[in-house]
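Please read the following report alongside the sequence and the 3D view, which are shown just below.

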Amino acid sequence: MKITLSFHHKRILDDLINKSLNEILGNNTLLAVASIKDGGESWINTVYFAYNDKLILYFLTPPTAQHSKNIEKNNSVAISIFDSHQRVTGKKRGLQIFGICRRAREKEVKEGIRIYGKRFAAFAARVHSPNDFEKLKMESRIYVVIPRAIKIFDQVIFGEEKWVTVEVPG
């Protein structure tokens, strides 16, 4: 999946931003998603993810999980994606994504199955249509993250100690 969005950053070319996003997202399969519980208490969970060329993220999780219940009541999420094997002395890379999350709707479920299946062969071998979740008695469902803003930390592309913040078009 290749992202080629127009961010219109004041100082950084779209090509560099897209290159960074493509490399970081393409080289990582786990994300940590923070949500908010009823009383304002924060909650975090780790899930495998896939993404499309519009930077929409998809993940699987049971609707009964605490983070799913949180998202149902308050769809605001913060996400972190990075390689936990990075060395302190090496060039570091990671993303912080801020946006909304919800359980996928009809067309989003089909798209999520397709995108998630492209990334994870074991899932693709089992799930081909929305009906397969019921047939296979899977508790998990597809959730969609629509990013609004991203903070990129990529010392490989942007240099030492430089954060690049962009609004996500759409």
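In helix α2, which spans residues 66-73, the buried residues are His 67, Ser 68, Asn 70 and Ile 71, where buried means under 20% relative accessible area, exposed means over 50% and partly exposed lies in between, with a 1.4 Å probe and protein chains only. Because these residues cover an arc of only 160° around the axis, they are on the same side of α2, the arc being that of the directions from the helix axis to the C-beta atoms. An α-helix has 3.6 residues a turn, so residues three or four places apart point the same way. The model is predicted, so local features need pLDDT of at least 70 and side-chain atom pairs count only at pLDDT 80 or more, while totals for chains, interfaces and linings use all residues. Residues are numbered from 1 along each chain as its sequence is written, and side-chain values use heavy atoms, with hydrogens and water left out.

The exposed residues Glu 72 and Lys 73 sit on the face of α2 turned away from its buried side. The cover over the buried residues of α2 includes the strands β1 (30-36), β2 (42-51), β3 (57-61), β4 (76-82), β5 (93-103) and β6 (141-154); helices (H or I, at least four residues) and strands (E, at least two) are DSSP runs, numbered from the N terminus.

Two further residues are set out here.

| Residue | Relative accessible area | State |
|---|---|---|
| Asn 22 | 15% | buried |
| His 8 | 67% | exposed |

Asn 22 belongs to helix α1 (residues 14-26), and, not counting residues up to four places away in sequence, Asn 22 touches Met 1, Lys 2, Ile 3 and Tyr 51, contact meaning heavy atoms within 4.5 Å. His 8 lies in the segment before α1.
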